[in-house]
Amino acid sequence: IITLAIESSCDETSAAILKNGRDVISNIVATQIDLHKKFGGVVPEVASRKHVESIDAVIQSALDEANMTFDDIDIIGVTHGPGLVGALLVGLSTAKALSFALNKPLVGVNHIEGHISANFIQDKELEPPFICLIVSGGHTHLAEVKDYGKYEILGRTRDDAAGEAFDKIARAMKLGYPGGPIIDRLSKMGDKDSIKFPRIYLENDSYDFSFSGLKSSVLNYLNAKKMKNEDIVVEDVAASFQQSVVEVLTSKAIKAAKEKGYDKIVLAGGVAANSGLREMLVTECKSHNIDVKYPSLDLCTDNAAMIGCAAYYDYINGKVDDLSLNAVPNLKLGQK
Ligand code: ATP
Ligand code: MG
Ligand code: FE
């Protein structure tokens, strides 16, 4: 089965072609980061317009790179949520038009399931069940992946998402957008033990997360330094902040694996690109005999290949949508 996949939920316009769900033949990503940089974050209306401008060329590039035409496509997979409604609608309308014109099945994909599925592309042998830690710009979930397309959420963030926290702290220090990769880079030059920021674990038995208290603590630290006219060592702030996030994420993921009886933890989402998180999870899991998997950097952040993989498994499990498929900005993990 050849899948054409389309992703436009946020600030990446992307199209990919996959064979049987796990072999990526092409994966074109047109990022809008430069466009949104000057605003310090994604401006929804600007994003939608740019998607409209880019999408046809991105799809054509995906076909060209695969040496294929629309005739070679068997199914069309598209992100229909969660995400920015105007941005989602661009990819979704395009996919519906193609499905109608070419008379090929349309499969609506949950973007978060796409992030998880990036791991099936990365590791061709990987099979559910496993524990998945999903850490992205808008979501933080700890979930049991029981089978392809079958999820049980154990915990989620009660306030900011992990990626959002990285972006907000970077913004407060005027480091640029998106903040995650910048904080990651600066952390390597800083001392992670230099500033004592809180680790928020919530109730003993909870798999939920909270990052807004940590964020306030970092902001208070920065303000106090400014008031006293003292220098801020951004590398130390970055490293200490990152360490606090990484410790809590790692410890809750391992706790979930142990308590639920899993020997595999899989990382997903943009923050899965974080070098501190990868290192600590690998180290800690080794001593607990737990296997750790994560996607390559380009498969962590938004891309259509991961959407194509999720679409394939949805399709072989019987999911086909009709042209009434709508964009669902707050689509939850496990909802199709
Ligand atoms: P969602 O998937 O929840 O809808 P999104 O699609 O905007 O949100 P992703 O594409 O998964 O988010 O990831 C983008 C996020 O990942 C940003 O918040 C970015 O700062 C963060 N990020 C990317 N690389 C790193 C890194 N190396 N360290 C930490 N965070 C990172
Ligand atoms: Mg993005
Ligand atoms: Fe995403």
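**Figure 1. Surroundings of Gly318 in the predicted model.** In this predicted model, Gly318 counts as exposed, because 6 C-beta neighbours lie inside 10 Å, and a residue with 12 or fewer such neighbours is classed in that way. Gly318 is placed in the segment after H11, and the glycine that follows this helix has a positive phi, near 100°. Although Gly318 and Val107 are separated by 211 residues in sequence, their C-alpha atoms are 9.8 Å apart in space.

**Figure 2. Helix H11 and its burial.** Helix H11, which covers residues 304-316, consists of 13 residues and reaches 18 Å from its first C-alpha to its last, close to the 18 Å expected at 1.5 Å a residue. Twelve of the 13 residues of H11 are buried, so this helix is largely enclosed by the rest of the structure. The buried residues of H11 include Ala304, Ala305, Met306, Ile307 and Gly308, and Cys309, Ala310, Ala311, Tyr312, Tyr313, Asp314 and Tyr315 are buried as well.

**Figure 3. The largest nonpolar core and the contacts of Ala15.** The largest nonpolar core holds 97 residues, of which Ala5, Ala15, Cys132, Ala253, Ile265 and Ala305 touch the most other members. Helix H8, made of residues 234-260, gives the most to this core, with twelve residues. When residues up to four places away in sequence are left out, Ala15 touches Leu4, Ala5, Ile6, Ile28, Val58, Ile59, Ala62 and Ala304. One of these partners, Ala304, is also among the buried residues of H11.

**Figure 4. The shell around ligand 1.** There are 25 residues around ligand 1, and those that come nearest are Gly137, Gly138, Gly163, Gly180 and Gly270. Two or more residues of this shell are given by each of helix H4 (111-122), helix H5 (162-172) and helix H6 (179-187), and the largest share, four residues, comes from H6. Sorted by class, the shell comprises seven nonpolar, 15 polar and three charged residues.

**Figure 5. Ala172 in helix H5.** Ala172 is placed in helix H5, one of the helices that give two or more residues to the shell around ligand 1. With 16 C-beta neighbours inside 10 Å, Ala172 counts as partly exposed. Not counting residues up to four places away in sequence, Ala172 touches Leu219 and Leu222. A C-alpha to C-alpha distance of 27 Å lies between Ala172 and Lys50, which are 122 residues apart in sequence.

Figure 6. Most residues other than glycine have a negative phi, and most peptide bonds are trans. The peptide bond from Gly81 to Pro82, however, is cis, with omega near -10°, and Pro82 is placed in the loop between strand E4 (75-81) and helix H3 (85-102). A cis peptide bond also joins Pro128 and Pro129, where omega is about 5°; Pro129 is found in the loop between H4 and strand E6 (130-135).

Figure 7. Leu202 is a residue other than glycine with a positive phi, near 60°, and is found in the loop between H6 and helix H7 (212-227). Since 15 C-beta neighbours lie inside 10 Å, Leu202 counts as partly exposed. Asn229, again a residue other than glycine, has a positive phi near 60°, and lies in the loop between H7 and H8. Here the residue is exposed, as Asn229 has 6 other C-beta atoms within 10 Å.

**Figure 8. The chain in which these views are set.** The chain has eleven helices and ten strands. Its radius of gyration is 20 Å, close to the 20 Å that the globule rule gives for 336 residues, so the chain is as compact as a globular protein of that length. Along the principal axes, the C-alpha trace of the chain spans about 65 × 45 × 30 Å. Buried residues account for 50% of the 336 residues in the chain. Among contacts between residues at least 6 apart in sequence, 74% join residues at least 24 apart.

Methods:
Residues are numbered from 1 along each chain as its sequence is written. Chains are lettered from A and ligands numbered from 1 in the order in which they are written. This is a predicted model: local features need pLDDT of at least 70, side-chain atom pairs count only at pLDDT 80 or more; totals for chains, interfaces and linings use all residues. The radius of gyration is taken over C-alpha atoms; the globule rule is 2.2 Å times the number of residues to the power 0.38. A residue is buried if 20 or more other C-beta atoms lie within 10 Å of its own, exposed if 12 or fewer, and partly exposed in between; C-beta atoms are placed from the backbone. Two residues are in contact if their C-beta atoms, placed from the backbone, lie within 7 Å. A residue is near a molecule or strand if its C-beta atom, placed from the backbone, lies within 6 Å of it. Ala, Val, Leu, Ile, Met, Phe, Trp, Tyr, Cys and Pro count as nonpolar, Asp, Glu, Lys and Arg as charged, and the others, Gly among them, as polar. A nonpolar core is a set of buried Ala, Val, Leu, Ile, Met, Phe, Trp, Tyr and Cys residues joined through C-beta atoms within 7 Å. The expected span of a helix is 1.5 Å times one less than its number of residues.
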